[in-house]
Each structure stands twice: as structure tokens, then as C-alpha cells.
Amino acid sequence: CAPVCSSNSGPCFDAHETPGCSNVACCQQICLVDPTCCSFNWDIDCARTAASSCGAPLPANDTCATATPLAVGQTIEFSTIRATTDALALPASCDPGSGNTMGPDLWYSYATERSGNIAVSTCGSATDLRLAIYVGTCTGPVLVACGSNSVLCTPGTGARVQFSAVCGTTYLIRVGGENPQQGGSGRFTL
């Protein structure tokens, strides 16, 4: 058997079912702190610890001002492991029962080419996620739609939001954990 801390193991900054991770030095450091990371599986806590201890870079779209542009039909794989949490609170209408704060979040933008219904989905993500759609600027965003765990996503860990887009409008899309402690990998489709 290959050692758990080897290039044959999974990535250090993402949770996976096998123990250990592919960066040997980082793996050994984390396993000294939490031996279960090298005995059972490399869970979200192992990935978070590795990200902060081993210097994972901050995501480029960690703030509204650095939102990543999207196009319809595009699917993006992302991780909020090293993302920070924006202080922008959600209204009470966005509370699915776990509060109206969002965990570590990332920002995307969509400049519409035509008017019509747009669906934003994180279905299939391994992390419980929440979505918020805004118009306006980063200094004064106005909420258009929000959502969290959707019955349309199987299993129910993804969020799906649909809104009516107006041609020529740029929408800001915020995706983050279901709660302030929730972070991890996900998939985003517009």
C-alpha cells in the first residue's frame, strides 16, 4: 500500500474519502495535529486545517469587487475553503431555518445578453450551499433572489435560484456556505 502522505493521495485543500493528501510535507504536518486525517479520511476539517496551515491561496473572486464573469451554460468547480465571509447580511426572507448569514463566499457576475428566466444552481455540490443574486454595485447591492437547499437538487445539498433577468443588466451572484462555519467544494452552473 502507498503511504497516505504521497502523490497518490487526494488534494490537501479538498475533502476526500481516503486518508492523507498529496503534499507530503503538508500532510505530515496536519496528521500530527489531527491523526484521524491520516487514519480514516481527509474530511472537510482536515482540508480547512491544511488550507490555513499550508498556505492555500485566497480565491481570486473572494470579494464582490473581484467577481468572476460567467456565461450561460458555464459550469465552474470551486472551493470556499480559503474564502472569507462577506459582511453583507441577507434579509429574513432568505432564512431557511439556519439564520440569514452566509458562510465563506465567492462572487460571480453575469452581464445578460437577453431578457428571460435564469437558473443558478449548485446542484451536485458536496457542500451545503446558499445563493444570493443582486443587481447594482458592490457598494450598494440590491437583492433580487436567494435560496439554499433545494428539493430540485438530489441529494439536497445544492441550492437553486431562478430569477427574471433584464437584458443589459449585470447581476452579482454570491455563493457560500449554508452557515458561517460551512465551507468546501462545489459546482456552479448558470
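This is a predicted model: local features need pLDDT of at least 70, side-chain atom pairs count only at pLDDT 80 or more; totals for chains, interfaces and linings use all residues.
View 1. Residues are numbered from 1 along each chain as its sequence is written, and side-chain values use heavy atoms, with hydrogens and water left out. Strands are DSSP runs (E, at least two residues), numbered from the N terminus. Strand S5 (residues 129-135) and strand S8 (residues 170-177) run antiparallel, joined by 7 bridges. Leucine 131 faces valine 175 in S8.

**View 2. Strand S5 is largely enclosed by the rest of the structure, because 6 of its 7 residues are buried.** Buried means under 20% relative accessible area (1.4 Å probe, protein chains only).

**View 3. S5 and S6 form a hairpin.** The two strands pair in the antiparallel sense over 5 bridges. Leucine 131 has glycine 147 as its bridge partner in S6. Between the strands lie 6 residues. Glycine 136, in the turn, has a positive phi of about 100°.

**View 4. An open sheet contains 5 strands.** Their order is S1-S3-S8-S5-S6, and the pairing is mixed. Strands count as paired if DSSP finds at least two bridges between them. Strand S1 (68-69) and strand S6 (142-147) are the edge strands, each pairing on one side only. Strands of a sheet pair through backbone hydrogen bonds, either parallel or antiparallel.

How values were computed. Helices (H or I, at least four residues) and strands (E, at least two) are DSSP runs, numbered from the N terminus. Buried means under 20% relative accessible area, exposed over 50%, partly exposed in between (1.4 Å probe, protein chains only).
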